[in-house]
Amino acid sequence: MKTNVVMKSDDRNLFGTIIKQNTKNGQSLSVSDLQSAYGIARFQYGWSDRRISDIMKYRDFQERCYHLLHERGIIKTTIHVFIEMVEREGVVNVLKGLKVWKTAGRGENKATYCDPYIWTLLAMELNPLIYAKVVIWLTDSLIFNRIEAGTEFIPMN
């Protein structure tokens, strides 16, 4: 898509927060909304404070991130080179350089978006309940969309 469309769908409701999806230059999901949803759930369930920026500092996250990017052909280097680059430049700068992380806006309108695969990885790292919700969200969408496509769009069969 050439124009910037930010989709808000009730399908993407996580603890009362609608996770926005940006359609410009590919698909990306709002990291800001994910952090906000976690903040709401944290008080509802008595969870400890966790920040996405902290999760991104862990070696496990960085390795998982590398494999996601490598398997999709976004990065061609070895894991050792990737980790060295992350240690030297910071994980956010590396992800921005690979065009899978973007921060836009200022002040109240500031928002961070990332590649859906990275977003899913972050969501699954935040908390086991969010992990379960994301797995169900993705699996149900995948299964039900395929069933609908098969029954509603006969020419595709």
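Mentor: Contact, or touching, means that heavy atoms lie within 4.5 Å of each other. This is a predicted model, in which local features need pLDDT of at least 70 and side-chain atom pairs count only at pLDDT 80 or more, while totals for chains, interfaces and linings use all residues. Residues are numbered from 1 along each chain as its sequence is written, and side-chain values use heavy atoms, with hydrogens and water left out.

Trainee: How many helices and strands does the chain have?

Mentor: Helices (H or I, at least four residues) and strands (E, at least two) are DSSP runs, numbered from the N terminus. Read from that end, the elements follow the order β-β-β-β-β-α-α-α-α-α-β-β-α-α. The count is therefore 7 helices and 7 strands.

Trainee: What percentage of the 157 residues in the chain is buried?

Mentor: A residue is buried if its relative accessible area is under 20%, exposed if over 50%, and partly exposed in between, using a 1.4 Å probe and protein chains only. Within helix α6 (residues 116–126), the buried residues are Ile118, Trp119, Thr120, Leu121, Leu122, Ala123 and Leu126. Over the 157 residues of the chain, the buried share is 34%.

Trainee: Is aspartate 115 buried or exposed?

Mentor: Aspartate 115 sits in the loop between β7 (111–114) and α6, and, leaving aside residues up to four places away in sequence, this aspartate touches Gln27, Ser28, Arg72 and Val100. Its relative accessibility is 9%, so aspartate 115 counts as buried.

Trainee: Which residue's side chain makes a polar contact with the side chain of aspartate 115?

Mentor: A polar contact is a pair of N or O atoms within 3.5 Å; within protein, one must be able to donate a hydrogen and the other to accept it, and residues adjacent in sequence count only if both atoms are side-chain atoms. Aspartate 115 also caps the N-terminal end of α6, where one of its side-chain oxygens lies 2.9 Å from the backbone nitrogen of tyrosine 117. The side-chain partner, at 2.9 Å, is arginine 72.

Trainee: The side chain of tyrosine 66 reaches which residue's backbone oxygen?

Mentor: Tyrosine 66 belongs to helix α3 and, with a relative accessible area of 5%, is buried. Not counting residues up to four places away in sequence, tyrosine 66 touches Ile75, Thr77, Thr78, Ile79 and Phe82. The backbone oxygen that its side chain reaches, at 2.7 Å, belongs to threonine 77.

Trainee: How are α3 and α4 oriented to each other?

Mentor: Axes are lines fitted to C-alpha atoms, for helices over the stretch in contact, and angles run from 0 to 180 degrees between N-to-C directions; under 35 degrees counts as roughly parallel, over 145 as roughly antiparallel, 65 to 115 as roughly perpendicular and the rest as oblique. The axes of α3 (residues 59–71) and α4 (residues 79–89) come within 10 Å and cross at roughly 125°. Tyr66 of α3 and Phe82 of α4 are among the residues making this contact. The two helices are therefore oblique.

Trainee: At about what angle do α3 and α6 pack?

Mentor: The axes of α3 and α6 are 10 Å apart, and their angle makes α3 roughly antiparallel to α6. The contact is made by Phe61, Arg64, Cys65, Leu68 and Leu69 of α3 together with Tyr117, Ile118, Leu121, Leu122 and Glu125 of α6. The packing angle is about 150°.

Trainee: What distance separates the C-alpha atoms of tyrosine 66 and isoleucine 118?

Mentor: Tyrosine 66 lies in α3, while Ile118 is one of the buried residues of α6. Along the chain they are 52 residues apart, yet their C-alpha atoms are separated by 9.9 Å.
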